[in-house]
Amino acid sequence: MKRKSLLISPELCIGCRACQVACKSWNQLEGTKTNNRGTFENPPDLNPALYNKIRFVEVPSDKNDMRWLFVSQRCMHCDDAGCMKICPSPGALYKTKEGAVVFDKDKCIGCKLCVAACPFDVPRYDRNDKISKCTMCADRIAENLAPLCAKTCPTGAIKFGDRDELIAQAQKAGYQKVYGQNDLGGLGAIYAFKEPPKFYGMEDKPQIPESVVFWHKVLKPLAVIGLGGAVAASLLHYAVVGPKKDKEEKKDE
Ligand code: SF4
Ligand code: SF4
Ligand code: SF4
């Protein structure tokens, strides 16, 4: 089985957000009340019922006006996935044969370590404290169907297919550097950028935090030798996240 990927081309995106709606529809994610904040992006951030958000970027153009870019933000399905590395509950996060990083809510213990370990700030938690994020439509791709966001996109800004072929297509189209081609073992959501990644609001070199790598080696095995997932998770959480509070806690303050 060849590794599959999503190829995202912000220059082709018109910001219609059909992909956001399609994702909600396929994954039966509830609608959430939002406010018009005078921007083309809505809701303002990923949430447990929003796996794919179109981020609006406004940058000066060389024609002395503004250039609008729309960048899909979602799980990157990293080969070397920080979330999987740190997760102390076996089977809560796993990889499919196509390369999608998916979750099993029944096995998620709600420790939120994956939030600290994700270089892209992706995982969110539902009202039952269970992880929620893009699955690359693993149920669809197992049946040889494209993820619904890719199938719905009217401009080809989200494409799905064999990873090597998508990279070759992007290079043939003149994109010299495909973002995510080699980062973190190679991402499963790769981007055709015309400009440096920072232009699109992305890190040049995404990395798993050092503390996560270290504590993954030291503490995670404790869960395996019998300390228990929840206890190991508490120690890991203290070591990795420390006094940093998660988004929900911050919002309530
Ligand atoms: S459906 Fe395609 S064009 Fe529309 S917002 Fe999504 S990525 Fe952009
Ligand atoms: S983007 Fe974050 S949540 Fe997705 S696979 Fe990578 S580390 Fe995990
Ligand atoms: S791949 Fe599927 S789950 Fe992920 S953003 Fe697209 S529609 Fe949503």
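The protein chain contains 10 helices and 10 strands, where helices (H or I, at least four residues) and strands (E, at least two) are DSSP runs numbered from the N terminus. This is a predicted model, in which local features need pLDDT of at least 70 and side-chain atom pairs count only at pLDDT 80 or more, while totals for chains, interfaces and linings use all residues; side-chain values use heavy atoms, with hydrogens and water left out. Residues are numbered from 1 along each chain as its sequence is written, and chains are lettered from A and ligands numbered from 1 in the order in which they are written.

Of the 253 residues in the protein chain, 49% are buried; buried means under 20% relative accessible area, exposed over 50% and partly exposed in between, with a 1.4 Å probe and protein chains only. Among contacts (heavy atoms within 4.5 Å) with a separation of 6 or more, 59% come from residues 24 or more positions apart.

In soluble globular proteins, nonpolar side chains tend to be buried together. Here the largest nonpolar core has 65 residues, a nonpolar core being a set of buried Ala, Val, Leu, Ile, Met, Phe, Trp, Tyr and Cys residues joined through side-chain atoms within 4.5 Å. The members that touch the most others are M76, L93, F120, I158, Y179, L187 and Y191. Leaving aside neighbours within four places in sequence, the contacts of Y179 include M76, F120, L187 and Y191, as well as the acidic residues E203 and D204.

Y179 also belongs to a cluster in which ring pairs link Y179, Y191, F193, F199 and Y200. The whole structure has 10 aromatic pairs: rings of Phe, Tyr and Trp (its six-membered ring) pair if their centres lie within 6.5 Å, and planes under 30 degrees apart count as stacked, over 60 as edge-to-face and the rest as tilted. The pair of F40 and F56 is edge-to-face because the ring centres are 5.3 Å apart and the planes stand at 75 degrees. F40 is in the loop between α1 (18–26) and β2 (53–60), and F56 is in strand β2, 16 residues apart. F40 is partly exposed at a relative accessible area of 40%, whereas F56 is buried at 18%. F40 also pairs with F70, with centres 6.4 Å apart and planes at 90 degrees, so this pair is edge-to-face. F70 lies in strand β3 (residues 66–73), so the pair ties together parts that are 30 residues apart in sequence. F70 is buried, with a relative accessible area of 8%.

Two rings carry a charge over them, meaning that NZ of Lys or CZ of Arg is within 6 Å of the ring centre and within 35 degrees of the ring normal. The charged end of K112 is 5.4 Å from the ring centre of Y125, and R140 lies over the face of W26 at 4.6 Å.

What surrounds ligand 3? Its shell consists of C23, N27, Y51, N52, R74, C134, T135, M136, C137, P147 and C149, each with a heavy atom within 4 Å. By class, this shell has seven nonpolar, three polar and one charged residues; Ala, Val, Leu, Ile, Met, Phe, Trp, Tyr, Cys and Pro count as nonpolar, Asp, Glu, Lys and Arg as charged, and the others, Gly among them, as polar. Ligand 2 is surrounded by 13 residues, of which C75, M76, C78, C83 and C118 are the closest.
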